[in-house]
Amino acid sequence: MTRLDVRKTYKLYIDGAFPRSESGHSYQVSDAAGRFAANAALASRKDARDAVVAARKAFGGWSGRTAYNRAQVLYRVAEIMEDRRPQFTDAVVLAEGASAGQAGRIVDTAIDRLVWYAGWADKLTQVLGNANPVAGPYFNLSTPEPTGVVAVLAPQESSLLGLVSVVAPVIVTGNTTVVVSSFARPLPAVTLAEVLATSDVPGGVVNLLTGDAASIGPWLAAHMDVNAIDLTGVAGRPDLATQLEVAAADNLKRVRRAPSAEPDWAAEPELDTMTDFLETKTVWHPIGL
Amino acid sequence: MTATSPTRAADLDGVVSDVTRSDATLRRFLHGLPGVDQVGAEARAAGLGTRSIKTTAKAFALDLAIRMVDLTTLEGQDTPGKVRALAAKAMRPDPADPTCPSTAAVCVYPDMVADVKQVLGDSGVHIAAVATAFPSGRAAMDIKLADTRDAVEAGADEIDMVIDRGAFLAGRYLQVFEEIAAVRAACGDAHLKVIFETGELQTYDNVRRASWLAMLAGAHFIKTSTGKVQPAATLPVTLVMLEAVRDFRETTGQMVGVKPAGGIRTAKDAIKYLVVVNEVAGSDWLDPDWFRFGASTLLNDLLMQRTKMTTGRYSGPDYFTLD
C-alpha cells in the first residue's frame, strides 16, 4: 500500500506564536524544479499590522537586555540550527535547487554568519562609541542605541543565508523586526521561525511573514510605528523601491536602500548592516563640580 | 416583559410604590423576572461580535464611539495636572484633526471636579464624578450622600454611584433601592449612573435584577463596573443590561442609558458593543445621551483607527498622548 503524502500548510510566526493569516489565504510553493512543495500562508496587511504591534511590545524587553545576553541568545539560535542542519539542508535543496553539497555549505555559512553577528553584540559599542573632546567641563560620551521596530524585506533569491544575513544584524543590536520572507522560496524562513520559537529569542522580537513583499511592503513602509525598513527584498525593482522609499519618508524612517541586484551573501558583511539601524545617543556629563 | 403588569408611563410611580412596599414585595417582583439563558446570551453576544463593520460604517462607528467615551482616570495618584491634561484631551482628542469630535465626558474623583471644570468651561463636555464611597460602596449613608452633594456642588453634571453589593447579594433589595433613590434626590439636576460591579454579582439573573432595581429607583444610566474588579464589562453582561432597558421602556415608556466600563481597550471591541446596542436595544440608544463607554486607553486606539481611515496608513502610539 502506498503511503499518502503529507501535504503541509505552514503558518506565519507572529508574537512567538504560529497563527494562520488573518485573511485565511495561503499559496502554493513549488520547489526549484516546479513541483508542488508545500502551502505557505499568504500574509495580508493586517498580519503585518499585528506583527508590528508584537514587535513594538517586545522592543522594551529585548533592547533592555544586556548586550552579552543578546549575544548568548543568538549563539543559542546558531546551536539549534546546527542541530537541525539536515532539515535546513533539505529546505535549501528544495527551495534553491542546489546540490546537497552546495546546500550544506550554504547552511554552514548561515550558521557562521549568526555566530559572527552574535560576537558583535557586546563589541559594537566600543567600536562605534566615543568619548568626544568638547570645549567645556564635560565628559561627552556617544553610544549606539537600537532604533526600534525594523521592517525587513528579505532577499528573494537567497532564502536562508540571505535571510539570516539581514535579520541577525537587526536584532543583535536590540531592535525588533517584522520580516517578509522570499515569496517564491519561503520554506527555509518557516524552518528558521520554528528554530526561533524553540530557542531563547523572546516572542515578538522576530516576526516572520511569508508573502509578497510588493503587497505588504507599502503598508510597512508607510506604517507610522515602524522606525526603519530594509529594502533588500526588492533588489532589482527600482520603481517599487522608489515607491517604498517615498512612503517611508513620511515618518522619517531609516531606509536601507535596495541594491540593483542581490549581493553575494557568502562575502563577509560590512558593519553598515548593523549601523544602518542604530541611533547615536550623546550624554553631556559635568565634571569638576 | 411578562413579569410586570401592563402599565404605562403615567402610573410608573404607582407601580414603584406598589412594588417597593416592603422587602418581600420587591423580592417577589425581582425574582419574578424571567431568568437569563446564560448559554443563549453568551452565544448571541459572540454571534453579534462577528459582524464585519467596514468603510463608511466603520468611520461612523469610530466617530460615534469617540463621542460616547467617558474619559476616565480613577487612580490614587491623580494630580490636578493630570486631570487637566485629560480634560484638554477630552475636548480635542486629536489636536491634529479639527474634524475629530470631543468625548462625552471626563470621569474623575469628586475632589478633582473643580480642576476639570476650570478646563472644560462651557465646551459641552460633561463632568462625571464617582461618588458614594467608590469603588467599594462601603460607608454610612450620610457619608455617601455628603460625597454626592460635594461632587454636585463642585460642578459635576453626572454622578456615578456604586450600589452596596453586600446588601444586594444578601437579598436586602429595599435597602439598595432606598439608597439609590436617596442619592438620586441628592443629585439634584445632575444625572445619576448606577454601577453594579457585575463582576461581583455572580449571575446574569442578578444583573437583570439589579438593572430593574436601579431603573425603578430612578437611575438615568446603568453601568457595569467600577473598573477596579475583574472581570469588568463583558459583551454578554452588557447585552443583558440592554435587554433590561429595552424592556423597561416597553413597559414604562422611560428610557434609561447603559454604560459598560473597564476592559474595553480596542476600537474593534467598541464596535462590537455598538453592534449589540443596535441589535438588542435599538438605534435610539446609538447616542452619547443613552450609551457610554467608561474607558481610558480605548480612546487612543479609536484615534489610531480613525487616523488610519483618514490617512490610509497605519498610525502608532507615538503620535498620541500617554495618559
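Two strands are taken to pair if DSSP finds at least two bridges between them. Strand β4 (residues 138–146) of chain A is joined to β3(A) by 2 bridges in the antiparallel sense, and Ala131(A) stands opposite Leu141(A) in β4(A).

Residues are numbered from 1 along each chain as its sequence is written, and chains are lettered from A and ligands numbered from 1 in the order in which they are written. Because the model is predicted, local features need pLDDT of at least 70 and side-chain atom pairs count only at pLDDT 80 or more, whereas totals for chains, interfaces and linings use all residues.

The buried residues of α4(A) include Ile106(A), Arg113(A), Tyr117(A) and Trp120(A). A residue is buried if 20 or more other C-beta atoms, placed from the backbone, lie within 10 Å of its own, exposed if 12 or fewer, and partly exposed in between. Among the elements covering these buried residues are α2 (67–83), α3 (85–96) and α6 (161–172) of chain A, contact being defined by C-beta atoms, placed from the backbone, within 7 Å.

In chain B, strand β5 (residues 191–195) has 4 of its 5 residues buried, so it is largely enclosed by the rest of the structure. Strand β4 (residues 158–162) of chain B runs parallel to β5(B), joined by 5 bridges, with Ile159(B) partnered by Leu192(B). Strand β6 (residues 221–223) of chain B also pairs with β5(B) in the parallel sense, over 3 bridges, and Val194(B) stands opposite Ile222(B). The chain passes from β5(B) to β6(B) through helix α10 (residues 204–216) of chain B in a right-handed β-α-β crossover, that is, clockwise from the first strand over the helix to the second with the strands pointing away from the viewer.

Between the chains, 6 residues of chain A are in contact with 7 residues of chain B.

Conventions
Contact = placed C-beta atoms within 7 Å.
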